[in-house]
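Hi,

Here is the structure I promised to pass on. Have a look, and my notes follow below.

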Amino acid sequence: MRHPRIIIASVSLAAAAALGGGITAAAATTSHTSSQHAASQQAAATVRTVQASVGGKTEAVLVNSQGLPLYYYLNDTAAKSAVTGGLAALWPPLTSASPAATGLTGKLAAVMDVHGDQVAYNGHLLYTFADDEPGQVSGQGVQGFFVATPGLTPLSGSSTAGSSTPLNTAPAAPSGGGYGY
C-alpha cells in the first residue's frame, strides 16, 4: 500500500508550483526525482551549454553533467543561498569543490555556503529543478528561478573568495533572449 505523502509527491511539481499550489516541504522531500538529483550533485560538476526551448524560443542554456538545465534564484546573493528547506528539495543546489566548464565565457566558482561548495556562474549560485529531465526547461520563472544562460550578467558584488576558474577574459555577450538578467 502506498503512503499518502508519496501519492501527493507524484503530482507534477512544475504544474503545482506554476499554479501557486503551495508545495509543502513534506511533499517535496518525498519526491523520488529530487533525491535522485541531490545524489547526482555530489560528483564533480561539469557545466556546459546545450540548445533548449525556453518559452517557445531556442536558447543556449547551462546544464550539469547529466544534461539537466541550471537555474539561478533572484533572492540569492553572490555569497549566500536563500534556498533552504522544502525549496531546496524542489531546487537542488549544484555542488562541487572543483567545478569544471566546457565552452563557457564567464566565471565558474565554488562558493562555500549552507549547501557546502555550491557552484556559481558569474556570481549566481546554480540549481537544478526536481521536475526537469535532460534537455527540458520547465522551471523558467517558477518561484523566482530563471534558467542560466552563457551570457548571464555577473552579479554585482560577486565574491572572489572560494575557488574559481576563470574561463575567458572576454565579457559575456547577452543571450538575446532576455533570460540573462
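Predicted model: local features only at pLDDT ≥ 70, side-chain atom pairs only at ≥ 80, totals over all residues.

E59 is buried at 3% relative accessibility, while K57 is partly exposed at 42% (buried is under 20% relative accessible area, exposed over 50%, partly exposed in between, with a 1.4 Å probe and protein chains only).

Residues are numbered from 1 along each chain as its sequence is written, and side-chain values use heavy atoms, leaving out hydrogens and water.

On to the aromatics: the whole structure has 7 aromatic pairs (rings of Phe, Tyr and Trp, the last by its six-membered ring, with centres within 6.5 Å; planes under 30 degrees apart are stacked, over 60 edge-to-face, the rest tilted). W91 and F145 are stacked, because their ring centres are 3.8 Å apart and their planes at 5°. That pair links distant parts of the chain, 54 residues apart: W91 is in the loop between α5 (85-90) and β4 (100-101), F145 in strand β8 (residues 145-147) (helices are DSSP runs of H or I, at least four residues, and strands of E, at least two, numbered from the N terminus). Both W91 and F145 are buried.

F145 also pairs edge-to-face with Y127, at 5.5 Å centre to centre and 85° between planes. Y127 is buried too, at 0% relative accessibility. One aromatic cluster takes in Y71, Y73, W91, Y127, F129 and F145.

Cheers
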